[in-house]
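Me: I have a model open and would like to learn how to read its features. Please take me through them, general idea before the case.

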Amino acid sequence: MITYGHEKFIQQSIESILMQQTTFDFELVIANDCSPDTTDAVVNDILKTHKKANKIKYFSHSKNKGMYANFLFALSECKLKYIALCEGDDYWIDPLKLQKQVDFLESNPDYEVCFTNISIINENNLIVKDKLIIDKRVGIYE
């Protein structure tokens, strides 16, 4: 998870990952790119109070690296078999998301990547785009 200026969203984003129900261990790598807001304080509070805080590896950069360099840094800190992406202003709604994706990848060794559909919501929590993929069989994108 890369983050910059996500103080309004980061808690929901982190909690959506920590709520994952899996038969395997996972970790959450967070790379804060020197956010100018209270993102760091929100994450540190979660690290102190959340019952699954031990799953979080948190890096708070003292200088801004830029989005791409911060993303590469976060990837370099990922040490497990699979990597799932969720930026600091995104969140997951299915507590079985990771389990379903790992089950699929383990059952289909010819696949290297999988992802789910998304909904884009605005600041008023209204859906502005409901699907990224409209036909899963042929990969038609909207």
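Me: Is Glu77 buried or exposed?

Reply: Buried means under 20% relative accessible area, exposed over 50%, and partly exposed in between (1.4 Å probe, protein chains only). Glu77 has 18% relative accessibility, so Glu77 counts as buried. This is a predicted model, in which local features need pLDDT of at least 70 and side-chain atom pairs count only at pLDDT 80 or more, while totals for chains, interfaces and linings use all residues. Residues are numbered from 1 along each chain as its sequence is written, and side-chain values use heavy atoms, with hydrogens and water left out.

Me: Where does Glu77 lie, and which residues is Glu77 in contact with?

Reply: Helices (H or I, at least four residues) and strands (E, at least two) are DSSP runs, numbered from the N terminus. Glu77 lies in the loop between H3 and helix H4 (97–107). Contact means heavy atoms within 4.5 Å. Leaving aside neighbours within four places in sequence, Glu77 is in contact with Glu27, Val29, Lys57 and Phe59.

Me: How do I read the aromatic pair of Phe59 and Phe73?

Reply: A pair of aromatic rings is described by the distance of the centres and the angle of the planes. Rings of Phe, Tyr and Trp (its six-membered ring) pair if their centres lie within 6.5 Å; planes under 30 degrees apart count as stacked, over 60 as edge-to-face and the rest as tilted. By this rule the count comes to 2 aromatic pairs. In one, the ring centres of Phe59 and Phe73 are 5.1 Å apart with the planes at 85 degrees, so the pair is edge-to-face. This pair links distant parts of the chain, with Phe59 in strand E3 and Phe73 in helix H3 (residues 67–76), 14 residues apart. Phe59 is partly exposed, at 22% relative accessibility.

Me: What about Phe104 and Tyr111?

Reply: Their ring centres are 5.0 Å apart and the planes stand at 70 degrees, so Phe104 and Tyr111 are also edge-to-face. Phe104 is partly exposed at 31%, and Tyr111 is partly exposed at 48%.

Me: Which residues of the largest nonpolar core touch the most other members?

Reply: In soluble globular proteins, nonpolar side chains tend to be buried together. A nonpolar core is a set of buried Ala, Val, Leu, Ile, Met, Phe, Trp, Tyr and Cys residues joined through side-chain atoms within 4.5 Å. The largest one has 16 residues, of which Met1, Ile14, Ile17, Leu28, Ile30 and Ile56 touch the most other members. Helix H1 (10–18), strand E2 (28–32), helix H2 (39–49) and strand E3 (56–60) each supply at least two residues. H1 gives the largest share, 4 residues.

Me: Which residues of H1 are buried, and what covers them?

Reply: The buried residues of H1 are Ile10, Ser13, Ile14, Ser16, Ile17 and Leu18. Their cover includes strand E1 (2–3), E2, H2 and E3.
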